[in-house]
Amino acid sequence: MTYKLAYTLQNEEQGHKAILEIWKQAKTHIKDGRRMVVELKQETRSLEQNAKMWATLGEIAEQVEWYGNKLTAGEWKWVLSASLRKQRAVPGIDGGFVVLGQATSKMTTAEMAEMIELATAFGVQQGVIFKEDQ
């Protein structure tokens, strides 16, 4: 059986409460001989950031032609996130290239802020007129 406990910690008191609750939940499973994994990670992107990113990518997709190609917002996400992370491209199994990279859904809030800033700067450089600027 797999289940997940998730806590958003913003202060020391919340951290202490989370540790106690995790231990309370885990000790039953440990007693039964099962192992538990506890993971601590930074908060990922917010819903507001996700919406802003897709709006920005959508406007870039509508207004920018890239080397003779019109790309979708999703394809622009790949191009820009690859640039942000200085990612590598390797030859694909059946031709073409595959970018080795990170999904934006796994980005922290700080990384997503960088992604939005990069997309906006790129769009301005390409002459994109963003609706919020009008």
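Me: Leaving aside neighbours within four places in sequence, which residues is serine 81 in contact with?

Reply: Contact means heavy atoms within 4.5 Å. By that rule serine 81 is in contact with Gln87, Gln102, Thr104, Met107 and Met115. This is a predicted model, in which local features need pLDDT of at least 70 and side-chain atom pairs count only at pLDDT 80 or more, while totals for chains, interfaces and linings use all residues. Residues are numbered from 1 along each chain as its sequence is written, and side-chain values use heavy atoms, with hydrogens and water left out.

Me: Is serine 81 buried or exposed?

Reply: Buried means under 20% relative accessible area, exposed over 50%, and partly exposed in between (1.4 Å probe, protein chains only). Serine 81 has 4% relative accessibility, so it counts as buried. Serine 81 lies in helix α3. Helices (H or I, at least four residues) and strands (E, at least two) are DSSP runs, numbered from the N terminus.

Me: Which backbone oxygen does the serine 81 side chain reach?

Reply: That of lysine 77, at 2.8 Å.

Me: How do I read a nonpolar core?

Reply: In soluble globular proteins, nonpolar side chains tend to be buried together. A nonpolar core is a set of buried Ala, Val, Leu, Ile, Met, Phe, Trp, Tyr and Cys residues joined through side-chain atoms within 4.5 Å. The largest one here has 18 residues. Among those with the most contacts inside it are Met53, Leu57, Trp76 and Met115. Helices α2 (47-63), α3 (73-84) and α4 (109-125) each give two or more residues to this core. The largest share, five residues, comes from α4.

Me: What does leucine 57 touch, not counting residues up to four places away in sequence?

Reply: Leucine 57 touches Ala73, Trp76, Lys77, Leu80 and Ala119.

Me: How many salt bridges does a search of the whole structure find?

Reply: Side chains of opposite charge can pair when their charged atoms come close. A salt bridge is a side-chain nitrogen of Lys or Arg within 4 Å of a carboxyl oxygen of Asp or Glu. The search finds three. Lysine 17 pairs with glutamate 13, closest N and O atoms 3.3 Å apart. Both lie in helix α1 (residues 12-31), four residues apart, about one turn. Lysine 17 is exposed at 55%, and glutamate 13 is exposed at 53%.

Me: Which side chains meet at 3.5 Å, N to O?

Reply: Lysine 24 and glutamate 21. They are three residues apart in helix α1, so about one helical turn separates them. Glutamate 21 is partly exposed at 23%.

Me: Which pair links distant parts of the chain?

Reply: Glutamate 111 and arginine 85 meet in a salt bridge (3.9 Å, N to O). Glutamate 111 is in helix α4, and arginine 85 is in the loop between α3 and β3 (88-91), 26 residues apart. Arginine 85 is partly exposed, at 26%.

Key. A polar contact is a pair of N or O atoms within 3.5 Å; within protein, one must be able to donate a hydrogen and the other to accept it, and residues adjacent in sequence count only if both atoms are side-chain atoms.
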